[in-house]
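Please try each task with the sequence and the model at hand before reading its solution.

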Amino acid sequence: MATLFIDKLAWIHIVDNKILTTRSKGKGVYYIPGGKRDPGENDPEALIREIQEELSVSLHPQSIRYMGTFKAQADGHKQEVEVKMTCYLAAYRGNLTAASEIEEMRWLSYAEKGLTSQVDHMIFDWLKDQDLLT
């Protein structure tokens, strides 16, 4: 059976060796903020829109930089469904505030990666290898 992919974008925001994560209403797992493209959107446009909707801040378009792409089993889906997470760094303006479906924001250390989804585990490992998370 062919593997199905959920294609998502993520904003990597690290402060003091901890990464910003979010938990959606009704969920028990934390995710790196981001989401899916709407039809016709490119990656920067979709990432800017998603982060504005979820966290009430505006990413600076000229600061968006590709960081990496990670694939893993999709959280809460059948075994043949994987998530492909394309990650970006970016500066922002505004005050981080949970909005839309986001119930909580939380800064996680590497030791807390177990609170996140499987693809986020891979991202946490990569960030630790880059000495960005402790």
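**Exercise 1.** Which side chain meets Lys113 in a salt bridge, and what is the N to O distance?

*Solution.* Before starting, note that this is a predicted model, in which local features need pLDDT of at least 70 and side-chain atom pairs count only at pLDDT 80 or more, while totals for chains, interfaces and linings use all residues. Residues are numbered from 1 along each chain as its sequence is written, and side-chain values use heavy atoms, with hydrogens and water left out.

Step 1: apply the criterion, which asks for a side-chain nitrogen of Lys or Arg within 4 Å of a carboxyl oxygen of Asp or Glu. The partner of Lys113 is Asp125, at 2.5 Å from N to O.

Step 2: Helices (H or I, at least four residues) and strands (E, at least two) are DSSP runs, numbered from the N terminus.

**Exercise 2.** Where in the chain do Arg37 and Asp7 lie?

*Solution.* Step 1: confirm the contact, a salt bridge whose closest N and O atoms are 2.7 Å apart. Step 2: Arg37 sits in the loop between β4 (34-35) and α1 (43-55), and Asp7 in strand β1 (residues 4-12), so the pair connects parts that are 30 residues apart in sequence.

Step 3: classify the accessibility, where buried means under 20% relative accessible area, exposed over 50%, and partly exposed in between (1.4 Å probe, protein chains only). Arg37, at 26%, is partly exposed, and Asp7, at 29%, is partly exposed as well.

**Exercise 3.** Is Arg23 buried or exposed?

*Solution.* Step 1: with a relative accessibility of 15%, Arg23 counts as buried. Step 2: turn to Glu104, which is partly exposed at 25%. Step 3: Glu104 and Arg23 form a salt bridge at 3.1 Å, N to O. This pair links distant parts of the chain, since Glu104 is in strand β9 (residues 102-108) and Arg23 in strand β3 (residues 18-24), 81 residues apart.

**Exercise 4.** In what order do the 3 strands of the open sheet run?

*Solution.* Step 1: the order is β2-β3-β9, with antiparallel pairing; two strands pair if DSSP finds at least two bridges between them. Step 2: β2 (14-15) and β9 stand at the edges with a single partner strand each, so one side of each has no neighbour in the sheet. Step 3: β3 and β9 are joined over 6 bridges, and Thr22 has Met105 in β9 as its bridge partner.
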